[in-house]
Amino acid sequence: MSWAREAGAVFAKEVRSEWRTRVALSSVALFAVGALTLIGLSLYVGQGQTGPQTAAALLWVLVFFTAATGLGRAYVLEEERGTALALRLTARATAVWAGKFAANGLLLLALAALSAPVLLSLLKVNAANLVLLACVLTLGCVGIAAVFTMTSALVAQSSAKGGLLAALSFPVLVPLLVAAVHGTNAALGVGNESGAFAAGAGDVQLLGSYAVVAVTASLMLIDFVWNEG
Amino acid sequence: MGEMQPVSSDTAAGAETRASLRLEGVRRSFGARRVLPGITLEASGGEVVAVVGPNGSGKSTLLKIVAGLMRPTRGKIVLTVPGAPPIEDAAGRRARVGYAGPDLALYPELTGRENLEFFATVAGRPLSKQESSKRLAAVGLGGRGDDPVSVYSSGMRQRLRLAFARGGGDAPLLLLDEPSLALDERGVALVAQMVAEQRERGGLTLLATNDPREVALGDRSVVLGA
């Protein structure tokens, strides 16, 4: 049995379980819809216009807190329900991590793909470079999903899971969030397409490198975190 | 609930699994509190060892350590199976044990069949629908395999745990922690049948229990906390 098939089975199980219980999906959707509604209402009341910088910051605030709300349950739920024992006995730690990371990444990407256009239209901000925006969103979500999946494994056996998850993840994610906000600002703000890409190319490189490092480090460390024996 | 069928190996490998287990001074502490004193034990070729003792004496802890789910504070565990060098690492043991305990849960939102198929797939031995049906029938869940586990009674969940532990019926080491918990008389008979089959194949069984019916299944007993 190849490692990829094992990870694929975990991914399929995660998607199936999520589809049936909608635990993460409902909390993530509720947060995103609530945040977007509040932003829309505040703009309606204030009759104001926001620039690309504010739009970029709001977008990543939305993505970060949505991830903190929904992605942390990946390992926590396994421990709380007692299914972690069966999983430890049968699957490799790295395959479990990869399957959960893929499911978390998919959920976050879907959320970003749905909420970004809504947010930008609410703020009346147009994207100068859609490809750059898509790259920044994709790589940013991959990095965030990797960090939250790993942090979820770290805090799963502790008593203060909710608070620890955000507290541990945020400092690790600061470089990613800075690059993501800067890259999004470039994609939204610079007048023409090539200018936007030139301004955001460095951020895309940083986000890509961050994602590679986060995934590699997680795969190297997860066995020590997941298996006590 | 479906008719319970005779428990029998459903793989060719299930024929003969002569194994031996050696525990040398296995100890576990949580901080200053020692929950498991140094346990030394040897068992081989079809033996069934009942691990008995009062609540909190470390029976479940011992089984988890042997399963590779928990690290001993001190001591050594060596599992020997035919055709392989002695296995001393936890990952090696995890891959070769069948384990069922009260704190092991299966996914409530999945059906019994989906649970068995998922765990078999990640363990590297995917099941066909026919094979999963056979495994479910073997624990008396033949007619309920496509129901979600969330609607199972506690006895049915225990039967599913036993199916999980039994796997393909070829684990060299079967670790059963209070296996008759919540089971009716036929379920208790199923446990006895599983243990008998394991013995016939030359596999080892460790039973953590205080139930006299389960203790009677053992060839000998190890008393903890005495």
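Asp103(B) is partly exposed in this predicted model, at 35% relative accessibility. The side chain of Asp103(B) meets that of Lys64(B) in a salt bridge, with 2.3 Å from N to O. Lys64(B) sits in helix 1 (residues 59-67) of chain B and Asp103(B) in the loop between strand 5 (97-100) and helix 3 (112-122), so the pair ties together parts that are 39 residues apart in sequence. Lys64(B) has a relative accessible area of 13% and therefore counts as buried, the cut-off being under 20%.

**Other salt bridges**

The structure holds 19 salt bridges over all chains.

| Pair | N to O distance |
|---|---|
| Lys64(B) and Asp103(B) | 2.3 Å |
| Arg144(B) and Asp147(B) | 2.5 Å |
| Arg159(B) and Asp184(B) | 2.9 Å |
| Arg81(A) and Glu109(B) | 2.8 Å |

In the pair of Arg144(B) and Asp147(B), Asp147(B) is partly exposed with a relative accessible area of 25%, and Arg144(B) is partly exposed with a value of 25%.

Asp184(B) forms a salt bridge with Arg159(B). This pair links distant parts of the chain, 25 residues apart: Asp184(B) belongs to the loop between strand 6 (173-177) and helix 6 (185-201) of chain B, and Arg159(B) to helix 5 (residues 154-166). Asp184(B) is partly exposed, with a relative accessible area of 41%, whereas Arg159(B) is buried, with 3%.

In chain A, salt bridges that share partners join Lys13(A), Glu14(A), Glu78(A) and Lys100(A) into one network. Glu78(A) is also one of the buried residues of helix 4 (residues 73-81) of chain A, together with Ala74(A), Tyr75(A) and Val76(A). Gly82(A) follows helix 4 of chain A and has a positive phi, near 85 degrees.

**The interface of chain B and chain A**

The contact takes 29 residues from chain B and 24 residues from chain A. The two chains bury about 2400 Å² between them, with 63% of this area on carbon and sulfur atoms. Three salt bridges cross the interface. Glu109(B) and Arg81(A) pair in a salt bridge at 2.8 Å.

On the side of chain B that touches chain A, helix 1, helix 2 (90-94), strand 5 and helix 3 of chain B each supply at least two residues. Helix 3 gives the largest share, five residues. By class, this side of chain B has 18 nonpolar, four polar and seven charged residues.

Note on methods. Residues numbered from 1 in each chain as written. Chains lettered and ligands numbered in written order. Predicted model: local features only at pLDDT ≥ 70, side-chain atom pairs only at ≥ 80, totals over all residues. Heavy atoms only, no water. Salt bridge = Lys/Arg side-chain N within 4 Å of Asp/Glu carboxyl O. Helix = DSSP H or I, 4+ residues; strand = E, 2+ residues; numbered from the N terminus. Buried < 20%, exposed > 50% of the residue type's maximum accessible area, 1.4 Å probe, protein only. Contact = heavy atoms within 4.5 Å. Buried area = accessible area lost by both parts, 1.4 Å probe. Nonpolar A, V, L, I, M, F, W, Y, C, P; charged D, E, K, R; others polar.
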